[in-house]
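This report describes disulfides, nonpolar cores, backbone exceptions and a pocket in turn. Please consult the sequence and the structure shown below while reading.

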Amino acid sequence: MFTGDLFVCGFELLDETCIFRNNDNDDFDWKLGQLNTPTLKTGPTDAYSGNQYAYIEVNKKKSGEVAVLSTDGTVLAASEYCLQFYYHMYGAHIGNLVVYIKENGSETWEIVFTKDGDQGNRWNHACLNLSYQNEITIEIEASKGGQTRKKNKGDIAIDEIQLSKGACTCQYIDSHLK
């Protein structure tokens, strides 16, 4: 069970509080990156903070295939939370980035954040107030865009995920950084 007031997932080697893991029920996995992603004209040139970030490499993937980071296996108690993260969506064939929440006992996933397509060659910030009456699972899903396997300029990256109990001190933000 998540018992602290804050957890941070910066994808660094000793990130002991990172509760986001690759989901086994998706099409491919998120990878850890440093500096540039392997595909030119896509992805970040470095992490938002620290040395590493998580990203999807879409080479040889079909349009619409997804990679999912999930808190499945970690009990997040009913509470008010602030979820913040930094995302990078640069490239001609970017799909979408979606954050889903599912309450314990529900069969449906609620979309609490979504971005589609190229968002510029920069890190952007998202800040989301969440409040739930039951335990929750959070999933962050990124997909490949473009119509064929040859459309490979669609890497999406994420860094510095923070989940804290209580309301966000920032308002809902979609600001451009770095």
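## Basis and terms

A residue is called buried when its relative accessible area is under 20%, exposed when over 50%, and partly exposed in between, with a 1.4 Å probe and protein chains only. The model is predicted, so that local features need pLDDT of at least 70 and side-chain atom pairs count only at pLDDT 80 or more, while totals for chains, interfaces and linings use all residues. Residues are numbered from 1 along each chain as its sequence is written, and side-chain values use heavy atoms, with hydrogens and water left out.

Secondary structure elements are DSSP runs numbered from the N terminus: helices are H or I runs of at least four residues, and strands are E runs of at least two.

## Disulfides

A disulfide is a covalent bond between the sulfur atoms of two cysteines. With the criterion of a pair of cysteine sulfur atoms within 2.5 Å, the structure holds 3 disulfides. Counting bonded cysteines along the chain, the pattern of pairing is 1-2, 3-5, 4-6.

Cys9 and Cys18 are joined with their sulfur atoms 1.9 Å apart. The torsion about this S-S bond is about -50 degrees, so the link of Cys9 and Cys18 is left-handed. Cys9 has a relative accessible area of 0% and is therefore buried; Cys18, at 7%, also counts as buried.

The disulfide of Cys82 and Cys168 has an S to S distance of 2.1 Å and is right-handed, with 105 degrees about the S-S bond. This pair links distant parts of the chain, 86 residues apart: Cys82 belongs to strand E6 (residues 79-89), and Cys168 to the loop between strand E11 (156-165) and strand E12 (174-177). Cys82 is buried because its relative accessibility is 2%, and Cys168 is buried with a relative accessible area of 12%.

Cys127 is bonded to Cys170, with 1.9 Å from S to S. The link of Cys127 and Cys170 is right-handed, at 80 degrees about the S-S bond. Here too distant parts of the chain are connected, since Cys127 sits in strand E9 (residues 123-132) and Cys170 in the loop between E11 and E12, 43 residues apart. Both ends are buried: Cys127 has a relative accessible area of 1%, and Cys170 has a relative accessibility of 15%.

## Nonpolar cores

A nonpolar core is a set of buried Ala, Val, Leu, Ile, Met, Phe, Trp, Tyr and Cys residues joined through side-chain atoms within 4.5 Å. The largest such core has 37 residues, and Trp30, Phe85, Leu97 and Ile161 have the most contacts inside it. At least two residues of this core come from each of strand E1 (6-9), strand E4 (53-56), strand E5 (66-70), E6, E7, E9, E10 and E11. E6 gives the most, with 5 residues. A second, separate core consists of 6 residues, including Tyr53, Tyr55, Tyr86 and Trp123.

Which residues are in contact with Phe85, leaving aside its neighbours within four places in sequence? Contact here means heavy atoms within 4.5 Å. The partners of Phe85 are Leu97, Val99, Phe113, Asn124, His125, Ala126, Leu128, Ile158, Asp159, Glu160 and Ile161.

## Positive phi angles

Leu35 is not a glycine, yet has a positive phi of about 55 degrees. Leu35 is placed in the loop between strand E3 (31-33) and E4, and counts as exposed because its relative accessibility is 57%.

Glu160 also has a positive phi, near 50 degrees, in a residue other than glycine. Glu160 lies in strand E11 and, at 16% relative accessibility, counts as buried.

## The largest pocket

On a 1 Å grid over the protein atoms alone, a pocket is an open set of points where a 1.4 Å probe fits, with protein on both sides within 12 Å along at least five of seven lines; lining residues have an atom within 4 Å of a point. Grid points are joined across faces, edges and corners, and a volume is the space filled by probe spheres set on the points. The largest pocket has about 190 Å³ of space.

Its lining comprises 14 residues, with Asp72, Lys102, Trp109, Ile136 and Thr137 nearest the centre. Strand E7 (94-103) and strand E10 (136-144) each supply at least two lining residues, and E10 has the largest share, 3 residues. For the class count, Ala, Val, Leu, Ile, Met, Phe, Trp, Tyr, Cys and Pro are nonpolar, Asp, Glu, Lys and Arg are charged, and the others, Gly among them, are polar. The lining then has 3 nonpolar, 6 polar and 5 charged residues.
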